[in-house]
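Here is a short report on a predicted model.

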Amino acid sequence: MKNVLTIAGSDSSGGAGIQADIKTFAAHGVFGLSVITAVTAQNTQGVFAVQDITPDMIAKQMDAIFSDIDVAAVKIGMVSQSDSITTIAAKLREWGARNIVADTVMVSSSGYHLLNPAAEATLVRELLPLAAVVTPNIPEAEVITGRSIFTLADMEEAARVIFALGPQSVLMKGGHLEGDSIDILFDGHSFVYLDARRIVTKNTHGTGCTLSSAIAANLSRGLAAADAVAAAKAYITGAIEHSLSMGKGAGPTHHFYDLYKKAGMRCD
Ligand SMILES: Nc1ncnc2c1ncn2[C@@H]1O[C@H](COP(=O)(O)OP(=O)(O)O)[C@@H](O)[C@H]1O
Ligand SMILES: Cc1ncc(COP(=O)(O)OP(=O)(O)O)c(N)n1
C-alpha cells in the first residue's frame with residue numbers, strides 16, 4: 001500500500017484540514033500519515049480559534065515519519081506562520097520528498113486568515129518551487145499574482161504567472177467563479193480544462209482540501225499529473241454531489257458514499 005502524508009491543520013468539525021485529507025486518502029486506498037501544523041476550533045459556521053504547533057514540533061513529526069516510512073506523496077495544506085513554512089520546506093528538501101501537492105490555503109470561506117498575511121511571500125517562495133502541483137483558488141491566485149480574476153482568460157493568465165514561480169504544474173481552481181465549476185491545469189506548455197457542472201449546495205466545506213489530497217493520492221500511485229488531477233476532479237464532484245447537511249452552516253463533502261452503497265448501508 002502507498003503511504004501519503006498530509007502536512008496541514010486539524011479541523012475540529014472534520015470537514016476540512018487533516019480530517020478531510022485522511023478520509024480522502026482512505027477512500028483512495030492509500031495509507032494516510034499526518035503532520036499537524038495547527039489545531040483549529042471550527043465548525044460548519046466558521047473558525048473561532050487557532051493554536052499553531054511550534055516549528056520544532058513540526059520538524060520532529062516530519063523526521064519521525066520520513067526516517068522510518070516510505071512516503072509516496074505529500075499534500076501541504078494550512079500552515080499559518082513563516083517559520084513553520086520555512087521548516088517544512090527545509091525538511092521536505094532534506095528528506096527528498098516526492099510528488100508534493102501544495103494547496104495554498106490562505107483564508108477560510110468564513111473569512112478567517114488561516115495563513116498570516118505576513119507569511120504569504122514565504123509560502124510562495126518556499127513551497128511553490130517544491131510542488132508537482134499547486135492548487136490555488138481564485139482569491140489565493142489573486143493574492144499570489146496581484147491581479148483580479150473574473151474570466152477563464154484571467155485564470156489562464158494567473159496560471160502562467162504562478163507557473164513562473166517554480167511549480168511543475170498549476171491547477172487553477174474555478175469554484176469561486178459563477179457558472180460551471182471549471183478548473184484549469186497548466187504544465188508550462190498547454191492548458192487542460194476540467195469542466196464540471198456547478199452543484200447547487202451550501203455544503204462545500206473542505207472541497208479544496210479534498211481535491212488536493214485526492215491529487216496526492218493519485219500521484220502516489222504513479223499517475224501522471226494530468227491524469228491524477230482529472231481523477232481527483234471526478235472525485236471531488238461526486239463528494240460534493242453527496243455532501244452532507246450537517247450543523248447550521250456549510251456541511252462537509254462525503255467520501256464513502258460509494259462504499260456504503262456497495263455495502264448496502266444508508267449514508268444520507
Ligand atoms: N458548487 C460546486 N459544484 C461543483 N464543483 C465545485 C463547486 N464548488 C467548488 N467546486 C470544485 O471544488 C474544487 C475546489 O473548489 P474551490 O472552491 O475553487 O476551492 P477552495 O475550496 O480551495 O476554495 C474545484 O475543483 C471546484 O471546481
Ligand atoms: C484546518 C483547515 N485547513 C484548511 C481549511 C480550508 O478548507 P477549504 O476546503 O480550502 O475551504 P473552506 O472549507 O474554508 O471553504 C480549513 N477550513 N481548515
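Start with one residue pair: Q42 has V47 of β3 as its bridge partner. The strands involved are β2, residues 31-43, and β3, residues 46-52. They pair in the antiparallel sense over six bridges. A hairpin of two residues joins β2 to β3. As background, side chains in a regular strand alternate between the two faces of the sheet.

Strand β8 pairs with β7, which covers residues 170-172. That pairing is antiparallel and runs over three bridges. Within it, M172 has I184 of β8 as its bridge partner. Strand β8 also pairs with β9, residues 191-196. This pairing is antiparallel too, over six bridges. Here L185 stands opposite V192 of β9. The hairpin of β8 and β9 has four residues between the strands. In that hairpin, G188 takes a positive phi near 95°.

**Helix packing**

| Helix pair | Angle | Axes apart |
|---|---|---|
| α2 (55-66) and α3 (82-94) | about 20° | 9 Å |
| α3 and α4 (120-127) | about 5° | 9 Å |
| α5 (138-145) and α6 (152-163) | about 55° | 10 Å |

Take α2 and α3 to begin with. They pack at an angle of about 20°. Angles under 35 degrees count as roughly parallel, so α2 is roughly parallel to α3. Their crossing is right-handed. On the α2 side, the contact uses P55, I58, A59 and M62. On the α3 side, D83, S84, T87, I88 and K91 meet them. The residues of this contact divide into five nonpolar, two polar and two charged.

Helix α3 also packs with α4, at an angle of about 5°. That makes α3 roughly parallel to α4. From α3 come S82, I85, T86 and A89. They meet T122, L123, E126 and L127 of α4. The contact of α3 with α4 holds four nonpolar residues, three polar and one charged.

What is the orientation of α5 and α6 to each other? Their packing angle is about 55°. The two helices are therefore oblique to each other. Helix α5 passes α6 in a left-handed crossing. A141, I144 and T145 of α5 make the contact with A158, V161 and I162 of α6. By class, the residues of this contact are five nonpolar, one polar and no charged.

**Around ligand 1**

Which residues come nearest to ligand 1? There are 18 residues around this ligand. Of these, N137, K173, G175, S181 and G208 come nearest. Three elements each supply at least two residues of the shell: β8 (181-186), α7 (207-220) and α8 (225-241). Helix α8 gives the most, with four residues. The shell divides into five nonpolar, nine polar and four charged residues.

**Around ligand 2**

Ligand 2 has 17 residues around it. G9, G17, S108, S109 and G208 come nearest. Strand β1, residues 3-11, supplies at least two residues of this shell, and so does α7. By class, the shell around ligand 2 has six nonpolar residues, ten polar and one charged.

Helix α7 supplies at least two residues to the shell around ligand 1, and at least two to the shell around ligand 2. Strand β8 contributes to the shell around ligand 1, while pairing with β7 and with β9. Helix α3 packs with α2 and with α4.

Terms used. Residues numbered from 1 in each chain as written. Chains lettered and ligands numbered in written order. Predicted model: local features only at pLDDT ≥ 70, side-chain atom pairs only at ≥ 80, totals over all residues. Near = placed C-beta within 6 Å. Nonpolar A, V, L, I, M, F, W, Y, C, P; charged D, E, K, R; others polar. Pairing = 2+ DSSP bridges. Axes fitted to C-alpha atoms, helices over the stretch in contact; angles between N-to-C directions. Parallel < 35°, antiparallel > 145°, perpendicular 65-115°, else oblique. Left-handed = near helix turned anticlockwise from the far one by under 90°. Contact = placed C-beta atoms within 7 Å.
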